[in-house]
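Hi there,

Here is the structure I promised to pass on to you. Have a look at it first, and then read on for what turned up in it.

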Amino acid sequence: QVQLVESGGGLVQAGGSLKLSCAASGRTSSGRSFRMYAMGWFRQVPGKEREFVATITTGGGGTSYADSVKGRFTISRDNAKNIVYLQMNRLKPEDTAVYYCAGGALFSRSVEAYESWGQGTQVTVSS
């Protein structure tokens, strides 16, 4: 499958910014490459379900965001570099979570729609 590796997480003060990156390599068993993947960002805290953050279409022309991050986060992709980004601005303590990137055939807010996942990167926002 396509391998996804996140980076850019860390500790930041409330109101600050972070930019997460997700680098993709390889192909799925059906031959699907990054450029054929809709991509998403999800986050998870201990004891809770993994929740949707943002998603982007294969060409990058369409995006969708969770209400909790809309207006603060921006998802983008560079298909020439096989990278998807999540720019996170005006961070809040409630944004603290492990952030995961994911890829799949569908442009979706659902965890079940994605077939490839990164290992996650920790984002901690202090008050």
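Predicted model: local features only at pLDDT ≥ 70, side-chain atom pairs only at ≥ 80, totals over all residues.

Lys19 sits over the face of Tyr85, 4.5 Å from the ring centre; a charge counts as over a ring if NZ of Lys or CZ of Arg is within 6 Å of the ring centre and within 35 degrees of the ring normal.

Residues are numbered from 1 along each chain as its sequence is written, and side-chain values use heavy atoms, leaving out hydrogens and water.

Next, the aromatic rings. Phe42, Phe52, Tyr114 and Trp117 form one aromatic cluster. Rings of Phe, Tyr and Trp (its six-membered ring) pair if their centres lie within 6.5 Å, with planes under 30 degrees apart counted as stacked, over 60 as edge-to-face and the rest as tilted. By this rule there are 4 aromatic pairs. Phe42 and Phe52 have ring centres 5.8 Å apart and planes at 75°, so they are edge-to-face. This pair links Phe42 in strand β4 with Phe52 in strand β5, 10 residues apart; strands are DSSP runs (E, at least two residues), numbered from the N terminus. Phe42 also makes an edge-to-face pair with Tyr114, at 5.3 Å centre to centre and 75° between the planes. Here Tyr114 is in the loop between β9 and β10, 72 residues from Phe42.

How buried is Phe42? Its relative accessibility is 0%, where buried means under 20% relative accessible area, exposed over 50% and partly exposed in between (1.4 Å probe, protein chains only). Tyr114 is buried as well, at 7%.

Ser108 is in the loop between β9 (97-104) and β10 (116-117). Ser108 is buried too, with a relative accessible area of 16%. Leaving aside residues up to four places away in sequence, Ser108 touches Phe52, Thr55, Ala113 and Tyr114 (contact means heavy atoms within 4.5 Å).

Finally, there is an open sheet of 4 strands in the order β1-β3-β8-β7, with antiparallel pairing; two strands pair if DSSP finds at least two bridges between them. Its edge strands are β1 (3-7) and β7 (73-78). β7 is joined to β8 (residues 83-88) by 6 bridges, and Thr74 has Gln87 in β8 as its bridge partner.

Enjoy exploring!
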